Amino acid sequence: MTQPTNTLPADRPLAIFCDFDGTFSVQDVGSTLAQQLLPERRANLWERFDQGEFTAWTYVMALLDGLELPEKQLYEFLETIDLDPGAEDLLAWCEAEGVPFRILSDGFDWNLERLQEINGVAFEYNANHLRYEGETWRLSPGRPNEACGCGTGSCKRGLIRSYREANPGAFCVHIGNGRVSDLCGALEADLAYAKDTLAPALEEQGHPFVAFETLHDVIAHLKAGRGE
Ligand SMILES: [Mg+2]
Ligand SMILES: [Zn+2]
């Protein structure tokens, strides 16, 4: 595994982009829900996705669009999702340091709104859209990007690139865990923190990253890089 420099450039303003599912939270909201409610459908569709039949977004649509799930039941499920043990400290560190922090999620805005409420935290985010029609899920993508090839509903490469264009000179950090939704963002960032399937995907490309287990590790590395 390649370790990039532990030094963050003193002359460039930092910006932190963090995946939600499995990174800011312990469990992945969408896949845990699908495992609980639609185990067979998920297994079938996943196999077809793995064989290249779907893009990441068309897989999500085939799996979850039209799901019948009363709001109350979803809310109760969301109460079972845990945040990473370092999640609140990372928000606090960014706040104290004046570092912009943004969740980039290939999950859904409805869930992220409730998860902030449930956990008493607040963050800016980009995500896909979920609205209720009665008790039925209606999904739409947040910011797809044909040019990228990731096939997700919210392309993290495109989101980080837009930030960079609006904030020239920004040193963009990406924190993530998944090869499907985080790879393009990690490649676009100036510094990538990676775990789970994202780490070997970056390794395969010979792209440097910092391995982490919890967000406490990320905070420690950021602090060391800033000479704190
Ligand atoms: Mg994830
Ligand atoms: Zn992308």
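Start with the lining of the largest pocket: select helices H1 (20–24), H2 (29–37), H3 (39–50), H4 (56–64) and H7 (109–119) and strand S2 (101–108), each of which supplies at least two of its residues. Helices (H or I, at least four residues) and strands (E, at least two) are DSSP runs, numbered from the N terminus. This is a predicted model, in which local features need pLDDT of at least 70, side-chain atom pairs count only at pLDDT 80 or more, and totals for chains, interfaces and linings use all residues. Residues are numbered from 1 along each chain as its sequence is written, ligands from 1 in the order in which they are written, and hydrogens and water are left out of side-chain values, which use heavy atoms.

Stay on H4, which gives the most to this lining, 5 residues. The pocket holds about 760 Å³ of space. A pocket here is an open set of points on a 1 Å grid over the protein atoms alone, where a 1.4 Å probe fits, with protein on both sides within 12 Å along at least five of seven lines; lining residues have an atom within 4 Å of a point. A volume is the space filled by probe spheres set on the points, which are joined across faces, edges and corners. Next select Asp21, Asp28, Ser31, Trp46 and Ser181, the closest to the centre among the 33 lining residues.

Now select the magnesium ion (ligand 1). Asp19 (OD), Asp21 (O) and Asn177 (OD1) coordinate the magnesium ion at 2.1 to 2.2 Å. Donors are N, O and S atoms within 2.8 Å of the metal (3.2 Å for Na, K and Ca); water is not among the atoms, so sites may look incomplete.

Last, select Gly149, Cys150, Gly151, Arg179 and Val180, which lie nearest the centre of the second largest pocket. Its volume is about 190 Å³.
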